[in-house]
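Student: Could you walk me through this structure, starting with a pair of helices that pack together?
Tutor: Gladly, let us look at it together.

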Amino acid sequence: MVTWIELSYRLAQGNGGASQTLENTRDLLADITFSKLIQAIVALVIAYGAIWGTDKLINWFSERVPRRSRLSIKQSLPFWRAFILIITASVLINLFLNLSPNNVLAVTGTVAVALGFAFKDYVSSVIAGLIALFETPYQVGDRIQIGDHYGEVVGYGLRGVRLQTPDDNIVTIPHNTIWTDPISNANKGNLEAQVVTNFYFAHEIEVKQVVEILYLVAYTSKYTQLKLPVTVIMEEKPWGTQFSLKSYPMDARDEFVYKTDLLRRAKHAFGDRAIPYPHVSALAMAHDYADS
Amino acid sequence: MTSIIEQFKIWFSNGNGNQIAQSVGLESEFQNSDRASLPSAIAKSLKHSIRQLHSPAPYVQSVQSALESALNRWRENPDEPNCLVVLGSPVEPVARLLRDVLDTEDRQTLNMVKLQHQWTARPHNYHSIYDQLVQGIEASASGATPSQTDGAESPNVPSPNTLAVIPCLDWCFLRCVDGLKGVDYLRGSILRDRSRFWLIGCNRWAWKYLDHVHQISAYFEQTLSLQPLSSLDLKEWMMPLASEIELKESKGDQQNPVDSVTPDESSDEFEAWSSKDEKRYFDSLASTTSGLSSVAAHLWLRSLRLPSQDSDESDDSDESNSHDSNKSDSDTPQTDSSQTQNGSDSSKPVVRRKKASLPSLPKLTADDRYLLFSLLLHGGMNLSHLSLSLGDDDGKVRARMQMLQRAGVIERSHRLLEVNPAFYPSLQADLSQNNFLVGDD
C-alpha cells in the first residue's frame with residue numbers, strides 16, 4: 001500500500017500542476033510506527049494462514065461428504081477467500097490511512113492512474129474474478145474448457161483459476177480471459193456432465209440395431225445417471241455413419257472412465273453381432289475432420 | 001433427536017476415507033465385539049429360524065386383498081389391467097410372500113401357472129433367461145405341463161381363472177447389454193395375452209430401474225407397494241422367534257409391567273404388550289427399520305446379548321454372581337438354576353435384548369457403492385453375474401466383495417451374494433446421497 005502511495009507521489013511530481021493532489025496524499029497517510037508495522041505483518045500472516053486453512057478445510061470437507069453436497073461446499077471457497085481479504089484490507093487501511101470523505105475523493109484518481117500503469121493486468125484479473133463470482137461462468141468443481149485447456153476447476157484465486165486436466169496437470173488461467181475468450185462449462189454447478197461418445201460404422205449397417213445397442217450400452221453402464229436423458233444422434237459422413245451417444249455419468253469426475261466403459265462394452269456388443277466398421281483410410285478421416 | 005444424529009452420521013460418513021469414518025469404524029468394531037457375545041451356534045440357529053418365518057400377516061392380507069379386487073375387476077371387464085405388480089424393498093423376500101399368498105386355501109381354486117417354477121435364482125447362463133421365459137409362456141399358452149401348473153385343474157386353454165405368476169421379476173434381467181431381453185419380452189407378452197391374469201413380484205429398485213429403461217410402469221399400471229409394519233405387527237410376526245429364546249427381563253421390565261401403566265395409557269393397544277419396555281423396544285425397532293420385516297428381524301438378532309456379558313448385569317449383582325459361577329463356555333447357551341426353579345425350558349438360551357440400533361456402515365469407496373447398488377438392484381446374485389453387471393473383471397469384484405463380506409455388509413446365501421438387511425437403511429441413505437437411483441421405501 002505504501003508503495004502505491006509513493007508511486008502515486010512520484011507520478012504526481014511528474015505532473016506539474018498536481019501540488020494540491022500531493023498535499024491531499026500527505027494528509028491521507030497516517031503516522032507509520034513500528035507497532036503498526038508489526039500489527040500489519042501479523043494481520044497479513046493471519047490472513048495468509050486463514051486463506052490456506054480455509055482452502056485445506058473446504059477441500060478436505062468437500063471430499064468427505066456425499067457427492068451431492070460436494071460441489072456446493074467447494075463453491076463457497078471463493079467467497080471465504082474474498083471475505084478474509086476484505087477483512088485484512090480493512091485492517092491495513094485502518095492502520096496506515098486517515099480515511100475521510102475528502103481524502104478518499106482526492107486520492108482515488110491518483111491511485112487509479114498508478115494502478116492503470118503498474119498493475120493493469122493484475123487488477124483486470126482481480127476485477128474479472130470478482131465479476132465471475134457473480135456471473136459464475138465457472139465455479140469450483142465445474143469442468144470447463146478455456147482455450148486449449150480442459151479440466152476440473154480445483155482452485156479459485158484472486159488472480160486466476162486453477163484447472164486440473166485429465167493428465168493430472170494443474171493449469172492456472174487468469175480470470176481476465178473471461179473478457180475475451182469463450183468459456184465452455186460442462187456441468188455448470190451440477191454433479192453430472194454430458195459425455196458424448198462417438199461410434200463409426202459402414203453405410204450398410206442396420207441402423208435400428210445399432211441405435212438399440214447404443215441405448216442399452218448407456219442404460220446398463222454402472223456409471224450412467226438414469227434420471228437424465230440418453231440420446232443417440234446420427235451424422236452421415238462420406239466414409240461412413242457417425243453415431244453420437246449422449247449420456248451423463250452420476251459424477252462428472254468419472255467422465256473419462258465412463259466413456260471408456262461405454263466404448264469397451266459397445267465394441268464387445270458390436271463385435272458379437274459382426275457389425276461392420278467403415279472401410280476408410282486414416283487420411284480420409286483426417287481430411288474430413290480438417291474440413292469440419 | 002437420536003434419528004437426527006444418526007442421519008448426520010450417515011451423511012457425514014458417506015464420503016471417502018476420513019477420521020469420522022474411522023470413529024464410526026471403531027463404533028462398528030465395538031458393536032461387533034458386543035454381538036460376538038451371542039454364541040455363534042445360537043446366532044446361526046436364530047438366523048435359520050428367521051429364514052423359516054412365514055411372511056408377515058399384514059403383507060399377506062394386503063396382497064390377498066389387492067389380488068382379489070384386481071382379479072374381480074378384470075373378470076368383470078377384460079379391458080381392465082390384467083396384471084398386478086407387488087413391490088417390496090430389495091431385502092424383503094417378495095417371492096416368498098407371493099408363495100405364501102398363493103398357498104392359502106382360497107387361491108387353490110385358481111389355475112396357477114408359475115413361470116419361474118424351477119428357478120431358485122437368476123439362471124446361471126443369463127442368455128437363457130429370455131429362452132426360458134419364451135418357452136414357459138408359450139408352453140402355458142398352448143397347454144401347460146404338469147410341472148408348471150398348480151391348482152384344481154390343468155388348463156389346456158387359458159381361462160379367466162388362470163393366474164400366471166412371476167414371483168421375482170428381478171431374476172428376469174441382468175444389467176448388461178444382452179440381459180434385458182427377458183423383461184422386454186415379458187412386457188410385450190403380458191400386453192398381448194389378455195386371456196389370463198398376471199401376478200408379478202419385484203423389488204422397488206429394480207422396478208425403478210426398469211421404468212427408466214423400459215418405461216415399465218406405463219404398461220403395468222396396477223402396483224401394490226408393501227406398507228411398513230407397525231411395532232405390533234413386528235412383535236406378532238416375530239413371536240415364533242421369541243419362543244426360541246428365554247428372554248431375561250431387565251429390572252425395568254419387572255418394575256414396569258403393562259398393568260402399571262397410567263390410566264391414559266390403559267387402552268386396547270396396551271393389552272397386546274407384556275410390559276412398557278417391550279412396547280418401547282418394538283416401537284423403536286419399527287421406527288429404526290422403517291417397518292421392514294427383514295431389517296427388523298436382523299436388528300432384533302443383533303440386539304440380543306448374553307446376560308453375563310451385558311452391562312445391565314451390574315444392576316443385578318446377585319444374578320450376575322450366579323451367572324458368573326455357572327459360566328463355563330462362552331459358546332454354550334446359558335442356563336441357570338433360577339430358570340429351572342421358575343419352570344422355564346432349560347434348553348432355550350437365556351438372553352437379554354438391548355435397544356435395536358442400525359450398524360454403522362464401514363468406510364465405502366466409489367467402487368463399493370457401485371457393487372452394493374448392483375446387488376440391491378438385482379436382489380442377490382452370484383459373483384459372475386455381479387462382475388457382468390458392473391462391467392469389471394471377476395478378480396477386482398471378488399476383492400471388493402471379500403472386504404465387504406468381512407465387514408458384514410454382504411452375506412452369502414445359497415451361493416448368492418446379498419446385502420445384509422441390517423445395513424439396508426444406512427445403505428439406502430448413503431446411496432441416495434451419492435446420486436444413485438434408489439427405490440423409495
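Tutor: The crossing of H19(B) and H20(B) is right-handed, where right-handed means that the near helix is turned clockwise from the far one by less than a right angle, and left-handed means anticlockwise. This is a predicted model, in which local features need pLDDT of at least 70, side-chain atom pairs count only at pLDDT 80 or more, and totals for chains, interfaces and linings use all residues. Residues are numbered from 1 along each chain as its sequence is written, chains are lettered from A and ligands numbered from 1 in the order in which they are written, and side-chain values use heavy atoms, with hydrogens and water left out.

Student: Which residues make the contact of H19(B) and H20(B)?
Tutor: On H19(B) they are Leu383(B), Ser384(B), Leu386(B), Ser387(B) and Leu390(B), and on H20(B) they are Asp394(B), Val397(B), Arg398(B) and Met401(B), with contact meaning heavy atoms within 4.5 Å. By class, five are nonpolar, two polar and two charged, where Ala, Val, Leu, Ile, Met, Phe, Trp, Tyr, Cys and Pro count as nonpolar, Asp, Glu, Lys and Arg as charged, and the others, Gly among them, as polar.

Student: And what is the angle between H19(B) and H20(B)?
Tutor: They pack at about 110°, with their axes 9 Å apart. H19(B) and H20(B) are therefore roughly perpendicular to each other, a label for angles of 65 to 115 degrees.

Student: Is Ala193(A) buried or exposed?
Tutor: Ala193(A) counts as buried because its relative accessibility is 3%; buried means under 20% relative accessible area, exposed over 50%, and partly exposed in between (1.4 Å probe, protein chains only).

Student: Where does Ala193(A) lie, and what is it in contact with?
Tutor: Ala193(A) lies in the loop between strand S5 (183-185) and strand S6 (195-201) of chain A. Leaving aside neighbours within four places in sequence, Ala193(A) is in contact with Ala186(A), Asn187(A), Ser247(A), Tyr248(A), Pro249(A) and Ala252(A).

Student: Back to chain B, which residues of H4(B) are buried?
Tutor: Among them are Tyr59(B), Val63(B), Leu67(B) and Trp74(B), and the buried residues of H4(B) pack against several elements of chain B, including strand S1 (83-88) and helix H15 (293-302).

Technical notes: Helices (H or I, at least four residues) and strands (E, at least two) are DSSP runs, numbered from the N terminus. Axes are lines fitted to C-alpha atoms, for helices over the stretch in contact, and angles run from 0 to 180 degrees between N-to-C directions. Angles under 35 degrees count as roughly parallel, over 145 as roughly antiparallel, 65 to 115 as roughly perpendicular and the rest as oblique.
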